[in-house]
Amino acid sequence: MIKVSNLSMNYLEELIGTIKMPQFSWEIECDYRNGKQVAYQLQIGKDQWFKDILFDSNIVKSEESAQVEINDFELESASKYWIRVKSKSNYDEWSDWSLARFFVTGILNINEWKAKLISAETLKDAEKSKGTYVRKSVFLKNDIEEAYAYTSALGLYHFHVNGKKISQDEMAPGWTAYNKRFLYQTYDLTDILHKGENVLGAHIGAGWYKGTMGLALTRNIYGKQTAFIGQVHIRYKNGEEEIIKTDESWIGQDSPVIFSEIYDGEIYDGRLNIENWDNIGENEHNWKSIHVLDFNHDKLEPQDGTRVAIIDEILPKRILSTPRGETVLDFGQNMTGWVEFCVNAQKGSRVEIQCFEVLDQDGNVYLDNLRGAKQTLIYYCKGNETERYAPHFTFQGFQYAWIKEYPGEIDINNFVAYTVHSNMKQTGYFECSNSDLNQLQHNILWGLKGNFVDIPTDCPQRNERLGWTGDAQIFSRTASFLMNTYSFFSKWIKDVALEQTAEGSVPHVVPDILTEIADHDKLLSQGTDGAAAWGDVAVIIPWTLYLTYGDRQIIRDQYDSMKAWIDYMNKYSKDNIWNYKLQFGDWVALDAEEGSYFGATPNELTCTAYYAYSTGLFAKMARVIGREDDYKKYNNQYQNIVKSFRENFFNEKGELIAQTQTSHVLALYFGLTPDKYKEKTVQRLVELIEARGGHLVTGFVGTPYICHSLSQNGRSKEAYELLLKDDFPSWLYQVKMGATTIWEHWDGIKPDGTMWSPNMNSFNHYAYGAIGEWLYRVVAGIEIDEDKPGYKHIIIQPKVGQELDYVKASYHSIYGDIQIRWTHEDQEVLLSVTIPFNTTATIVLDTCQEMIDADEIFFEETDGLVIGHIGSGTYTIKYK
């Protein structure tokens with residue numbers, strides 16, 4: 001029996017606000033092997049019972065169950081469409097109809113926008129970061145058939161209707177290149193609005209738009225007034241339609257949020273509560289007229305994908321009193337989000353809580369690494385009742401909360417923490433017999449959770465929290481194992497393209513808020529864009545998404561951006577060697593000179609290596625979408641860069657002129673080493689590691705690929721040894737030191753308990769967590785076939801390490817679960833593999849001397865490898 005499950009639209013189970021027909025994917029469950037789809041039927045209905053069918057594909061003979069497109073169907077704005085599908089297997093069996101899913105359209109044409117941008121602030125409020133309310137009471141004359149709201153803000157906002165916040169969204173509308181585009185959110189109000197009087201309202205704060213942001217702590221980067229825009233499309237049961245929109249008729253008022261900013265936290269005065277600000281019954285006489293601001297509706301785009309939300313509830317593990325007498329809550333996990341608390345005290349009583357990451361070596365509160373970010377919540381009590389408070393327009397990075405002021409006895413049960421990040425479905429799981437590695441996997445996951453807050457940030461705690469492109473690039477493959485990242489990355493990478501310079505250079509951070517301060521910063525005056533490994537995000541993330549999902553659309557969408565970046569590097573290269581403006585090189589590598597963050601690997605080498613790598617990837621992607629002329633041009637360019645790299649960075653003995661770990665890693669992993677020198681190069685890499693006592697000294701550029709460079713070249717044993725080191729510097733050193741996320745520096749906390757330099761010492765910095773992809777791709781052995789991406793064909797090639805007794809891992813692909821488990825005992829390996837319906841796999845064993853039980857798989861030996869081909873199903877083999 002087969003069953004269709006997990007019908008998705010653009011890889012999401014819920015799609016709200018799209019302005020294009022989505023593509024559809026579904027999974028198929030069955031209880032037999034070698035299952036494939038041979039046909040499907042897909043329907044679109046106006047209702048979930050499909051009494052009114054708007055589209056019927058009829059029976060389509062096709063194996064496709066991912067990225068299925070529907071043409072010749074015209075969508076309407078503000079409409080809900082229901083989808084269902086059924087599938088036929090190669091065993092001549094039809095499934096039942098899938099569970100129906102729906103999507104809701106946004107505003108398809110810009111000229112349909114009738115709303116005005118309104119503000120309860122004036123230019124006199126430019127230096128303030130207060131909260132404001134706007135509201136309107138409306139009378140609806142008939143019963144509602146369906147109603148959808150389309151809302152956004154300059155700043156951050158929560159949308160309320162009839163006394164309730166109407167979604168789980170936080171930090172909306174997110175952070176984009178505001179000078180180029182704003183995202184609007186779509187909300188279904190069908191079951192919230194009713195005939196008669198209703199109240200629409202929004203609570204608005206400064207956020208990224210006008211609050212203090214960036215390395216120079218600049219205010220009003222995008223504007224000086226917060227504002228709100230929205231319109232509600234209503235269809236009545238009698239067939240009439242109505243649009244309610246923001247305009248001069250709305251009214252505004254200051255909210256009890258006295259101050260709220262990303263870095264510094266929030267001040268809220270409960271004495272200023274307006275009980276019915278968003279509901280019927282409010283006395284509007286004290287409210288004021290709003291101001292209508294000029295606004296270009298062309299900047300509005302729908303956010304139809306991943307949004308920020310509260311994800312986890314974390315209870316405090318203990319209350320402690322530090323040697324200095326500070327009262328501190330320990331939540332046991334470094335996270336991004338906020339603390340919520342209850343208090344019952346007299347009117348005007350004050351609560352003050354400051355969030356931070358670690359205790360110092362004496363066990364006291366440590367704030368120095370926050371670098372000026374206050375991360376503080378201050379609440380003034382309304383009085384004489386139990387009050388519950390959580391902040392509105394800020395987030396903190398923390399494990400600990402210092403209770404600096406609290407009226408009455410501090411009860412641990414009155415406090416709870418909530419994690420806040422982009423709401424992505426977890427797709428990857430990894431477990432093994434080594435508890436430290438399991439903690440490392442946990443830390444990598446929580447590093448992602450802490451930094452994927454609408455954009456991929458470098459850190460969530462200090463006065464930075466920017467979208468550093470290099471960090472995102474090196475972590476993207478790991479992230480795409482851990483979570484369903486397609487919507488998240490495709491949203492952000494669009495801003496990467498929008499922020500590129502006219503020459504095609506990519507900013508160091510996106511959204512770009514560094515350029516305007518360049519003249520006032522010694523380092524950034526050398527350039528705020530165009531760094532190797534950082535700028536290559538324009539190519540590597542689209543490639544990663546294409547590999548992971550098999551979706552050509554991301555290549556089409558980002559094609560011009562990718563091409564512009566390659567052409568920029570080409571323009572400023574000389575004889576195919578590239579090194580231009582400010583380069584970060586192998587950032588914070590341990591082979592840097594004393595007092596420097598720049599690793600010892602020459603910039604010419606790292607730049608040219610990435611120039612070659614990205615050009616080669618771009619050539620591949622050009623061919624994927626049929627741009628054959630570009631493929632030929634850029635593939636030839638790639639070959640020339642490789643030739644120049646070899647001529648310039650290898651000497652006549654076949655040795656790299658730069659004797660650093662990172663130079664060898666890049667030459668090996670990026671395919672820049674001549675075949676005749678590969679063994680010498682990997683041997684030298686091993687020697688360089690041994691010279692450091694078996695440790696790595698790589699930085700941001702070398703670390704993601706060092707274990708790959710070893711395992712891809714017959715040195716899996718050395719890669720395992722490197723991974724399992726637990727003294728400084730190593731991944732497991734941080735674990736041994738009690739880390740619950742990945743640190744910015746290998747020794748953020750030194751063995752004696754002292755700290756790395758406080759000016760750059762984040763304890764939630766995911767970059768070095770890029771080792772995660774090696775755990776999945778190599779230790780577990782789940783690998784993508786470039787010729788059939790999206791895990792349509794899977795390569796199962798685990799590097800079984802004697803250091804581990806077992807490994808268990810899974811990845812939820814667009815076709816379903818891929819599961820791996822291996823154990824070994826007395827030289828025998830037991831390998832269990834599950835492959836999803838409608839896919840195939842190749843099992844590659846590189847240590848098999850004797851097949852004991854092949855489970856009906858035909859294996860053959862090729863070039864020293866034992867290879868077998870399988871279809872869907874679960875297989876268990878034993879070999880030694």
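## Basis of the model

Which strand gives the largest share of the lining of the largest cavity? That share, three residues, comes from strand 12 (residues 156-161), strands being DSSP runs of E with at least two residues and helices runs of H or I with at least four, numbered from the N terminus.

The model is predicted, with local features needing pLDDT of at least 70 and side-chain atom pairs counting only at pLDDT 80 or more, while totals for chains, interfaces and linings use all residues. Residues are numbered from 1 along each chain as its sequence is written, and side-chain values use heavy atoms, without hydrogens and water.

## Cavities

There are four cavities of 30 Å³ or more, a cavity being a set of points on a 1 Å grid over the protein atoms alone where a 1.4 Å probe fits but cannot get out, with lining residues having an atom within 4 Å of a point. The largest has a volume of about 40 Å³, this being the space filled by probe spheres set on the points, and Y157, H158, F159 and K165 are among its lining residues.

The second largest cavity also holds about 40 Å³, and its lining includes Q303, R307, V308 and D454.

## Helix packing

The axes of helix 4 (residues 486-499) and helix 6 (residues 553-571) come within 10 Å and cross at roughly 20°, the axes being lines fitted to C-alpha atoms over the stretch in contact, with angles from 0 to 180 degrees between N-to-C directions. Helix 4 is therefore roughly parallel to helix 6, a label for angles under 35 degrees. Y486 and I493 of helix 4 and I554 of helix 6 are among the residues making the contact, which is defined by heavy atoms within 4.5 Å.

Note on methods. Parallel < 35°, antiparallel > 145°, perpendicular 65-115°, else oblique. 1 Å grid on protein atoms, 1.4 Å probe; cavity = no way out; pocket = protein on both sides within 12 Å on 5 of 7 lines; lining within 4 Å.
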